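Here are my notes on the two-chain model, point by point. Please read them with the structure open.

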Amino acid sequence: MPRIPLSRLAYARSGDKGAGSNVGVVAFTPEIYEFLEKTLTTSRVKEHFSEICRGPVDRYEAPNLLALNFILHDSLGGGGSQSLKSDAQGKTHGLGILYMELDVPEALRIPDAG
Amino acid sequence: MPDSVLVANGQGFWGDSILGPVRLVNEGPLDYLTLDYLAEVTMSIMQKLKGRDPSKGYATDFVTMIRRVMPQCREKGIRIIANAGGVNPHGCREAVMATLADLGMKGVRVGVVEGDDILQDLPRLMQAGQELTNMDTGDALKTVVDRVLSANVYIGAAPIVEALEDGADIVITGRATDPSLVVAPLIHEFGWSLDDYDRLAAATVAGHIVECGAQCTGGNFTGWREVPDLARIGYPVIEAHADGSFVVTKHAGTGGLVNRQTVTSQLVYEMGDPTDYITPDVIADFTSIELEESGPDRVSIRGIRGREPTPTYKVSISYADGYKASGQLVISGPDAVEKARLCASIVFQRLELDGCHIPEDQRLVEILGTNVCLAGIAPAPEDPAEVVLRIGAKGHDRAAIQRFGMEIVPLVTSGPPGVTGFAGGRPKATEVIGYWPALIDKSLISTRVTVEEVS
């Protein structure tokens with residue numbers, strides 16, 4: 001199985017949600033969404049953000065949008081204006097998840113890079 | 001009833017570019033210009049400004065913008081809806097009406113929606129049994145009540161509709177919910193009833209898509225290389241229809257990109273449970289959205305389902321929660337990272353020498369350039385030729401935080417070599433603002449609408 005970064009399969013956006021962040025991951029195709037729905041588990045996402053996310057991770061699905069929505073609890077160093085971090089609103093977490101490396105089935109059609 | 005109504009959003013937050021609204025009114029057709037100025041901590045900042053000067057406490061940018069856009073708006077009949085009132089919507093109206101009088105715009109009607117500001121009512125509401133429990137932590141408000149800075153109810157579309165029915169050309173609100181700024185003109189134009197939940201949900205989704213301005217037209221988009229002419233990015237325009245369907249687009253000839261991906265990116269922004277998007281107007285189900293590209297820079301949306309809203313309003317309360325300060329230095333190579341680490345440790349050691357203890361968990365040390373934002377995810381460069389050291393502290397002792405701010409710049413002459421870039425000078429202690437989300441029974445809140453005319 002080839003190993004590729006999630007950025008080849010999806011795009012993403014993130015923002016703050018109280019003291020946590022939300023990371024929306026949107027698959028390029030319905031076929032990829034099916035694969036990601038099985039593969040992008042909360043434990044996998046929690047592990048990926050282990051140095052950033054101090055709390056649990058929740059997941060919601062919106063298959064009509066080909067989107068998975070992750071809530072990364074306690075990932076901003078405090079809510080409101082409490083955080084001292086550069087990225088106090090989790091704006092970069094969406095790009096962060098796209099670095100994740102995944103083993104994809106040979107049969108999965110992946111859009112051309114670029 | 002019109003065939004379609006064009007509603008744009010020209011401001012995603014207080015501080016967004018004035019080019020958004022200016023170009024929206026100049027470069028294409030439009031019926032309504034909405035502007036969203038408020039974020040969670042904005043209200044407390046405004047409360048502070050009002051404390052210093054009772055005539056302030058609203059988004060002053062709005063008044064500057066009115067001067068720029070109003071001639072075009074009057075000519076084209078564009079009406080303006082903005083939550084620019086902050087904690088002083090009347091003060092905002094006075095400034096706007098003075099500007100309009102100055103422009104010689106007699107007859108322009110300016111409406112104000114109030115009733116969202118419950119700061120003065122908190123003791124009474126708490127006595128009446130409203131605990132205003134923190135939705136995130138479960139704590140009762142009484143634990144921080146003596147430190148509360150602002151308290152505002154997220155109000156909905158209904159009072160804005162009232163102002164529009166009363167002929168307001170400009171509607172100024174306090175803490176109106178962002179999507180309600182878009183929902184209101186569609187209720188007004190199409191005569192939707194307030195319990196037509198599917199249509200209200202559709203308008204809410206439209207409002208959600210445009211509430212962050214250019215974030216749905218190619219801004220902050222993963223595929224940024226595909227986005228043409230970001231410098232001239234067009235702000236979003238909703239072409240709404242009476243049946244609740246709508247098209248997301250932007251003015252012809254502007255930069256940016258509206259397609260399935262740029263719109264979907266914004267749909268998932270700040271999302272929680274997609275089946276349960278709650279506003280004061282309706283609960284929208286984002287899993288019912290049907291979306292298709294229907295032309296260049298046009299995305300058509302239909303099929304949205306909604307249900308009856310909750311019996312409560314969300315309340316946004318802010319409270320003083322100590323102090324913080326942060327400063328930065330540039331540190332060049334060789335050995336930039338090692339020297340940055342040393343600098344950070346020197347700062348806290350010197351503070352200890354002077355009896356100022358900042359606990360470990362109240363400190364922040366970031367060595368920017370070594371992978372701070374995506375720690376543990378992206379590979380860090382091995383030996384960058386320069387880094388930015390960002391160092392911060394927080395706590396409830398203001399003097400300690402102020403003292404901390406004085407030990408950063410001295411590193412230039414008393415630390416390792418190659419320390420520079422201290423242009424910001426000594427960082428000062430600023431107030432940390434805590435955010436306290438709560439719920440309140442709708443029956444306890446009454447909104448008021450007044451419309452005045454420029455004479």
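1. Helices here are DSSP runs (H or I, at least four residues), as are strands (E, at least two), numbered from the N terminus.

2. A word on conventions. This is a predicted model: local features need pLDDT of at least 70, side-chain atom pairs count only at pLDDT 80 or more, and totals for chains, interfaces and linings use all residues. Residues are numbered from 1 along each chain as its sequence is written, while chains are lettered from A and ligands numbered from 1 in the order in which they are written.

3. Back to α4(B). Its buried residues are B:P89, B:G91, B:C92, B:R93, B:A95, B:V96, B:M97 and B:L100. Buried means that 20 or more other C-beta atoms lie within 10 Å of the residue's own; exposed means 12 or fewer, partly exposed in between, with C-beta atoms placed from the backbone. Their cover includes α3 (60-76), β4 (109-114), β6 (170-173) and β19 (448-453) of chain B. After α4(B) comes B:G104, with a positive phi near 75 degrees.

4. Helix α10 (336-353) of chain B passes the length check too: its 18 residues should span 26 Å, and its end C-alpha atoms are 26 Å apart. Buried in α10(B) are B:A336, B:V337, B:K339, B:A340, B:C343, B:A344 and B:V347. β14, β15, β16, α12 (411-414) and β17 (419-420) of chain B are among the elements that cover them. B:G355 follows α10(B), and its phi is positive, near 75 degrees.

5. In helix α11 (residues 398-405) of chain B, the buried residues are B:A400, B:I401, B:F404 and B:G405. They fall within an arc of 145 degrees seen down the axis, so they line one face of the helix. The arc is that of the directions from the helix axis to the C-beta atoms. These residues pack against β14, α10 and β16 of chain B.

6. Now the cores. A nonpolar core is a set of buried Ala, Val, Leu, Ile, Met, Phe, Trp, Tyr and Cys residues joined through C-beta atoms within 7 Å. The largest has 148 residues; A:V26 and B:I160 are among those with the most contacts inside it. Helix α8 (residues 197-210) of chain B gives the largest share, nine residues. Domain 1 (4-116 + 154-310) and domain 2 (317-436) of chain B both contribute, so this core lies between them. A second, separate core of 15 residues includes B:L329, B:A336, B:V387 and B:V419.

7. Those domain bounds come from an automatic or database domain assignment. The C-alpha centres of the two domains of chain B lie 38 Å apart.

8. Contact means C-beta atoms, placed from the backbone, within 7 Å. A:V26 touches B:T264, B:S265 and B:V268, among others.

9. B:S44 sits in helix α2 (residues 42-52) of chain B. It counts as buried, with 26 C-beta neighbours inside 10 Å. Leaving aside neighbours within four places in sequence, B:S44 contacts B:L149, B:S150, B:S318 and B:I433.

How values were computed
Contact = placed C-beta atoms within 7 Å. Expected span 1.5 Å × (residues − 1).
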